[in-house]
Amino acid sequence: MKELRFGCSPDQEEVIADHLLLGRPLGMQPDERAWILNHVQRLAPGAKVLSADLNLEDAEWVVQVQE
């Protein structure tokens, strides 16, 4: 198992900011799954995503993959 870290999409960053600053609900943008998969395939081609956790403080995805 390997851990990958990379930033969220700009749209997801806006959702995070609204959540932290304005108390709005936190949700995942519709295209965010594709964003995650594209980054995983670029960083670890052929890897399988096991989990993806959102690090709010750094606006990044912490993704566990199996190569």
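# Questions about a predicted model

Student: What is phenylalanine 6 in contact with, leaving aside its neighbours within four places in sequence?

Tutor: Trp35, Ile36, His39, Val40, Leu43, Glu60, Trp61 and Val63. Contact means heavy atoms within 4.5 Å. This is a predicted model, where local features need pLDDT of at least 70, side-chain atom pairs count only at pLDDT 80 or more, and totals for chains, interfaces and linings use all residues. Residues are numbered from 1 along each chain as its sequence is written, and side-chain values use heavy atoms, leaving out hydrogens and water.

Student: What makes a set of residues a nonpolar core?

Tutor: Its members are buried Ala, Val, Leu, Ile, Met, Phe, Trp, Tyr and Cys residues, joined through side-chain atoms within 4.5 Å. Buried means under 20% relative accessible area; exposed means over 50%, and partly exposed lies in between (1.4 Å probe, protein chains only). The largest such core here has 12 residues: Leu4, Phe6, Cys8, Ile16, Ile36, Val40, Ala44, Ala47, Ala59, Trp61, Val63 and Val65. The largest share, three residues, comes from β3.

Student: Why is β3 said to be largely enclosed by the rest of the structure?

Tutor: Count its buried residues. Six of the seven in strand β3 (residues 60–66) are buried, so the strand is largely enclosed. Strands are DSSP runs of E, at least two residues long; helices are runs of H or I, at least four, and numbering starts from the N terminus.

Student: How do you know that β1 and β3 pair?

Tutor: Pairing needs at least two bridges found by DSSP. Six join β1 (residues 2–7) to β3, and the two run antiparallel.

Student: What about β2 and β3?

Tutor: They pair over seven bridges, also in the antiparallel sense. Leucine 54 has tryptophan 61 in β3 as its bridge partner. The two strands form a hairpin with four residues between them. Alanine 59, in the turn, has a positive phi of about 50°.

Student: How do you know that the span of α1 agrees with expectation?

Tutor: The expected span is 1.5 Å times one less than the number of residues. For the 13 residues of α1 (residues 10–22) that gives 18 Å, and the end C-alpha atoms are 18 Å apart, so the span agrees.

Student: Which residues of α1 are buried?

Tutor: Gln12, Val15 and Ile16. They cover an arc of only 100° around the axis, which puts them on the same side of α1. That arc is taken from the directions from the helix axis to the C-beta atoms. The buried residues pack against α2 (32–43) and β2 (48–55).
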